[in-house]
Amino acid sequence: MKHVIVVAMMILLISACKKDSSIDDDNIVDSVKTPSDKTSWWQPKAGMSFDWMLDDLQPGASFTSEIVDVDAFTTSAAQVATLHAQGKKVIAYISVGTIENDRPDVNLLPADVIGKVYPEWPNERWLNIKKLDKLKPWLNSRINMILKKGFDAIEPDDLDSYSNETGFKITLNDTKLYCDYLIKLAHENGLGIGQKNVQELSVEYSTKFDWVLTEDAFDQGWLKDVKSYIDLNKPVFVVEYTDKISEKTFADEVCPASQILKYTAVLKHRNLDKWVFKCK
């Protein structure tokens with residue numbers, strides 16, 4: 001009878017271990033680790049070609065650009081390795097200012113840092129970036145996942161909480177302090193990191209971030225506000241969208257303006273699928 005009980009307990013233990021091993025799947029976060037204090041990271045140069053796709057990568061997906069920006073969660077380590085084998089540098093898209101309700105790490109955030117719904121993206125809620133100590137386990141887990149998959153850099157989205165109705169009183173200075181932490185966290189782990197929109201940061205933070213990615217900058221009239229990156233030979237990746245600008249306007253106006261400024265410009269669908277229109 002004791003042997004039966006022992007065998008049953010062993011089966012249960014093995015089963016539990018198998019269940020826990022799912023934490024190591026590519027789409028699930030690891031436990032928090034200590035930063036590796038690396039002293040170097042990938043730093044792209046101005047003029048490098050760029051593409052951005054947040055749809056799930058399909059088998060055999062290929063890109064003509066030197067740099068590819070893809071979703072950190074839905075892209076597997078094997079897919080990152082395949083892109084590397086094609087000679088690409090691979091950036092991991094993550095939100096750092098909101099939490100999407102379908103991400104597997106939502107339980108790492110305490111309720112008191114989760115604020116109002118982001119109206120343009122109803123499955124996301126703003127975060128209180130002033131509560132950095134409470135965000136660190138969540139941020140570190142995302143960095144660990146990105147490192148495990150072999151990404152070269154991070155695209156940190158939703159840095160503009162100071163200009164939105166978040167449920168918290170967040171200022172531009174709070175955003176700067178948050179950026180300082182994110183840059184330090186990325187660089188200490190050997191990862192590049194870029195500024196995403198928030199043109200008010202450009203003059204000061206072009207010396208700290210490794211590139212800048214803009215959305216609708218031409219359409220909204222602030223294309224020149226990020227030129228300080230080019231002055232430091234750092235890339236400016238300009239993304240305009242077809243719901244605002246036609247292919248003709250992009251080719252006739254955005255491309256010439258971007259080429260004069262030495263920016264890399266692409267036209268995309270708003271949902272950031274595979275389709276892309278590039279300057280010739």
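What share of the 280 residues in the protein is buried? Buried residues make up 47%, where buried means under 20% relative accessible area with a 1.4 Å probe and protein chains only.

The model is predicted, so local features need pLDDT of at least 70 and side-chain atom pairs count only at pLDDT 80 or more, while totals for chains, interfaces and linings use all residues. Residues are numbered from 1 along each chain as its sequence is written, and side-chain values use heavy atoms, leaving out hydrogens and water.

**View 1. The fold as a whole.** The protein has eight helices and 13 strands. These are DSSP runs, numbered from the N terminus: helices are H or I with at least four residues, strands E with at least two. Of the contacts (heavy atoms within 4.5 Å) with a separation of 6 or more, 66% join residues 24 or more positions apart. The protein exposes about 13700 Å², by the Shrake-Rupley method with a 1.4 Å probe. Carbon and sulfur atoms supply 56% of that area.

**View 2. The largest pocket.** Its volume is about 900 Å³. A pocket is an open set of points on a 1 Å grid over the protein atoms alone, with protein on both sides within 12 Å along at least five of seven lines; lining residues have an atom within 4 Å of a point. Volume is the space filled by probe spheres set on the points, which are joined across faces, edges and corners. Of 37 lining residues, Tyr 118, Trp 121, Asp 157, Asp 158 and Glu 215 are the closest to the centre. β6 (121-127) and α6 (217-220) each give two or more residues to this lining. β6 gives the most, with three. By class, the lining has 11 nonpolar, eight polar and 18 charged residues. Here Ala, Val, Leu, Ile, Met, Phe, Trp, Tyr, Cys and Pro count as nonpolar, Asp, Glu, Lys and Arg as charged, and the others, Gly among them, as polar.

**View 3. The second largest pocket.** This pocket holds about 160 Å³ of space. Its lining has 14 residues, and Tyr 263, Thr 264, Ala 265, Lys 278 and Cys 279 are the closest to its centre. α8 (247-261) and β12 (264-268) each supply at least two lining residues.

**View 4. The largest cavity.** In a cavity, a 1.4 Å probe fits but cannot get out. Two cavities of 30 Å³ or more are counted. The largest has a volume of about 60 Å³. Its lining includes Ile 94, Arg 142, Pro 156 and Ile 193. α3 (132-149), β7 (153-157) and α4 (172-188) each give two or more residues. The lining divides into 10 nonpolar, no polar and one charged.

Methods. Buried < 20%, exposed > 50% of the residue type's maximum accessible area, 1.4 Å probe, protein only.
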